[in-house]
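Trainee: I have the chains loaded and want to go through the interfaces. Can you take me through one?
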Amino acid sequence: MKIKRSLLLCLLGLLWLPQANASQLALCHLNNLVDQVFCGQLARPENPAAPAGPSIPIHYAVLPAVRDKHPDEAVLVIVGGPGQAALDYAGHFNRILRKLRAERDILLIDQRGTGRSNPLRCETMENMDQLGFDADNVNIKAETKACKKQLDTDLSFYSSAYALEDFEAIRKQLGYQRLHLFGTSYGTRMVQLYMQKYPEAVASGIMDGVVPLSQNVLAVGESVDEALELLFLQCESQPACEQHFPNLRQQFHQLVQNLGGQSYLQAVKHPVSGEGQAMRLGKSKLAGILRLALYSAQARTLLPYTIDRIKLDDFSPLLGLWGLTIDGLNLAMGMHGAIICAEDWPRLSEADRAAMNKSLIGGDMLAGLDAACPIWNVQPQLQGFAQPFSTQLPVLMLSGRFDPATPPAWAKKIEPRLTKGQHVIFPYATHGVAGHTCAPDLMAQFVSEPGAKLDTSCVEKDGERGFFINSNASAVEEIVK
Amino acid sequence: MIVVENLSKRIGRVQALDGLNFSAEDGAITGLLGPNGAGKTTCLRTLFNLLAPDQGRALVDDIVVAEQPLAAKGHLGLFPDPFGLYERLTPREYIHYMAELNGVNEAIDKAVQETLALLNMEDIADRPCKGFSQGQRMKTALAQAIVHRPKNIVLDEPTRGLDVMSTRKLRSLLLELKAQGHCILFSSHVMQEVSALCDRVVVMAKGKAVAQGSPGQLCEQTGQSSLEEAFIQLIGSDEGIAA
Amino acid sequence: MNRKVWIIYQKEMLDAIRDRRSVIAALSYAIGTPLLMCLVFVVLIEKFASPDALYINISNAELAPGLIRQLASQDIHPAGAEHKAKAISLIIDTDYPKQMHSGRLALVQLQGDFSNTQLASDIRRVERAVESYAREVAVMRMIARGVAPQVLKVLDVQVQDQAKPEAKGGFFVGIAIFTMIYAVFISGMNLAIDTSAGERERNSLALMLSLPIRVRDLLLGKLLAVTSFAFLGLFMIVIISKIAYGFVPWQELGFNVNIDGRFIAYILAFSLPVALMAALMQLFVSFMAKTFKEAQSYLTLVLIVPMALAMITGYDLGPELLSWLPISGQQKALMEVVKGNDLPLEPLLIATAITLSLCALLFWALARSLKSEKTIFSL
């Protein structure tokens, strides 16, 4: 009888057991994500050297594992820009990391200065790319000053190194033993810093569009030139493209030369609103639009046609491509400046500057930074960037052959110093390949067994796209590889 | 002692019992003889309160069955027809179970063992009843009827389907029980059996007791020399009676 | 407890455990169902998780290289010598290039037997791939004409599911709970028949009733035995389910089926009255039958009721009323628990009260009928 009674008590006890509670986490909805997930924040000192000083909330979200097979691990997503906010892309990452989320939590953190973590953004600077705007004659100094005044803070606190401490603090707060890091573009710098400083807290790292620590991100100028050259070569290799747009390279250089420093005013219809508007087209704006088009595997197939039409004073395709960029990157410019001016601008050598000035967009970029960085006025933070990155931890690097920002060559630089490194190049992809064809599968495979050799045969399933030869379709002839 | 007084019972359209009167004394074997359909089984069922009489009453050791069925049933042991054994139990388990249900509270194992010994069943006591011969089944059925030493033992067509050896064994057991002072009542349609065993015979037809007495008395009463002739005369026909 | 009830219970259990049919009936469902479901889902998920390369017949493939590229990137290829095609055809019209180039509708025919369930998902896969290509071309055409493609999107529809994260997979858990609750009906059934109709068929019923025991006690002993079997079946299926479902990679489907200690405690507690009711119902029906076979056929019919009730609830089809009824009430409460919601205490209590009242009523009716000569002798 005694046994029976205690058994009954046990059963009753079970009935009133509290549900597993997720401590500081609250259910929340994030952009483009149907399911509820958990959101939380951690107050961190804005100046890590003064823990008692003012604090800023670092927001994060946990997409809980479908079946938490590894409760002491999580996949930390670090986005690029710098200046993008991870939580804004929750829907995107939920989709491409579906297989990873099956067994592990996905952790998204809005890096300090972005998204909801004390964002350093300025309205005026973000509206800089309006259609009628003269991109070639922007008063960057005035804009930056206004923004800096509005933000009213020491941007030196927003460097990668400080952000890394936030990440580590959140990892500890959530009780994860080790993280699988997944960084994109600038985010790969954070991955490397994390692996360098806290190797014991890292299980593996995935880098999509690798920026080696020793690589100055400002070298994108040359990357754009290379990506354009690849585009021309590819067009020449496709009979239809070659036939419709002979001398494309020459035509393009001529166009840039003709535009020169001056800008043409043109009456056009706004690609989104449809309203009649004046468009000012100068070299900077043209280069900017083309550059962003190169980021998309689809949009870049329109480039030969677009260049060809400009010759005939038809700006429609260019306008359409510009329209794509309107809701574009959504960067927190203050944070962007804080990073670039502290970690990249100060280490530009004379040779670097010369190379930038030679490239299509580099010159404008350099001029802009030379104007803005002294105003942002951040302390250079170069420790850790000089020596080549190396690690014993398993690393998966993903590159797109046509990437106009972080070409495969960058990843190849650190490849020899990774004892457990793998580098997968997607032959027809551009920048950010994690969502490309079978990349999500490869990432899931990698995280489930970080050291193992991946079967990358699926990369070959991606075929080459044909260039558009008119406003309706790409070439119909068989594409010659 | 079992007494039946003016018992009437109608089942459907048939008047199964029609003012039946008889008594079965302790220390005697009383046979309820009648053709099929005479009301023997109905009578026995009434005795066990399975049927409620329309009229009259049955008494077991002076307890009115319908009024105190549990007490009355406690004084009875039933050897049913058919036996209704539990095939998956061994005789020992079965008899033990029946002893408990019949209210034996102490020394059950001893009572079971004695009964098994009495019926010479030790060799089959721990084998499941499944696959038993008719004789083995009979012994098991009888054992459960007497394990609790009831004063009154009721047997429903006890020899039906039994072989000669089993029948002989049963007879000798009944005689032994009689000697111990039990009241034994059994129903049968087999004349020979009744004449061989019974001290008293109650001849039933159409729900009535048409005659009662010792086999000798019945012959006398009817003026017949053989019991067989006496029955035929009493019942009015020889239908449904086995020699 | 009454001593005689205990004696009868012990005997019935002993008898039942020796009855291979009863034991197999109780165990086969409890063990077989989760294993079978586990197997089916493992196979299904395997298929779902890594769809195989799909080979189909494509006519005039050379006319639509862009489309073919898109299909290939989704692992849909034209059949060749090495790979036999599934019975799906994609026919590219001979005018396709001309129409594409002039921005007009280009004809593509997708043919297959849509009633063939084996093919249906493959056909949809091809259809989706073709449509995604069409969307991509449409976007490029918009851009080429100087219109930003986002104007086509019009609305930024943010769909927000209010369910708790653990509620995903609720549908499947509903089915799983249904199979578990139904176990109380299946597991005790054979014993219920054996101990009632079987008892009558073996002619031991009359003997039992001739003994100096109360009908109530006899019934109670049998009832407890049948309930024990029903409950044992439930216990088995819950435990086997916990183990078996643990092997299914549910996460591939985007949800998890987790049978934890709390759930087990709940289902055992909530189902106890249901097990009692199931046993009573089966005894009641079986006592009405003369033979084992007859009882079996009655029960097969009668069991449709709880089956339908549990199934409707499992698929979440029925009306609100179901939360208050026996079986469905307990089941709904369990489903809420699994979804991480609060226990619907009031409906559960009412459903349990109704269940127990029904038990009392059935017991009373059964005891009464066993005192009636009509029932005893099937008159």
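Mentor: Contact here means heavy atoms within 4.5 Å. Keep in mind that this is a predicted model.

Trainee: Fine. How many residues does the contact take from chain C and from chain B?
Mentor: Chain C gives 27 residues and chain B gives 32 residues.

Trainee: And what area is buried between chain C and chain B?
Mentor: About 2,700 Å², with carbon and sulfur atoms giving 62% of that. On the chain C side, Leu207(C), Pro212(C) and Phe377(C) lose the most area to chain B, and together they account for 22% of what that side buries.

Trainee: What about charges, how many salt bridges are there between chain C and chain B?
Mentor: Five. Among them is the one between Glu100(B) and Arg3(C), where the closest N and O atoms are 3.7 Å apart. As for polar contacts, eight residue pairs are found across the interface of chain C and chain B, both residues being at pLDDT 80 or more.

Trainee: Which elements give two or more residues to the side of chain C that touches chain B?
Mentor: Helix H1 (3–18), helix H9 (205–209) and helix H16 (373–377) of chain C. The largest share of that side comes from H1(C), with eight residues.

Trainee: And by class, what does that side of chain C have?
Mentor: There are 13 nonpolar, three polar and 11 charged residues on the side of chain C that touches chain B.

Trainee: Switching topic: which chains share the most contacts?
Mentor: Chains A and C, of the two pairs of chains in contact.

Trainee: Then where does that leave chain A and chain B?
Mentor: Chain A and chain B do not touch, and their nearest C-alpha atoms are 22 Å apart.

Key:
Residues numbered from 1 in each chain as written. Chains lettered and ligands numbered in written order. Predicted model: local features only at pLDDT ≥ 70, side-chain atom pairs only at ≥ 80, totals over all residues. Heavy atoms only, no water. Buried area = accessible area lost by both parts, 1.4 Å probe. Salt bridge = Lys/Arg side-chain N within 4 Å of Asp/Glu carboxyl O. Polar contact = N/O pair within 3.5 Å; in protein donor to acceptor, adjacent residues only side chain to side chain. Helix = DSSP H or I, 4+ residues; strand = E, 2+ residues; numbered from the N terminus. Nonpolar A, V, L, I, M, F, W, Y, C, P; charged D, E, K, R; others polar.
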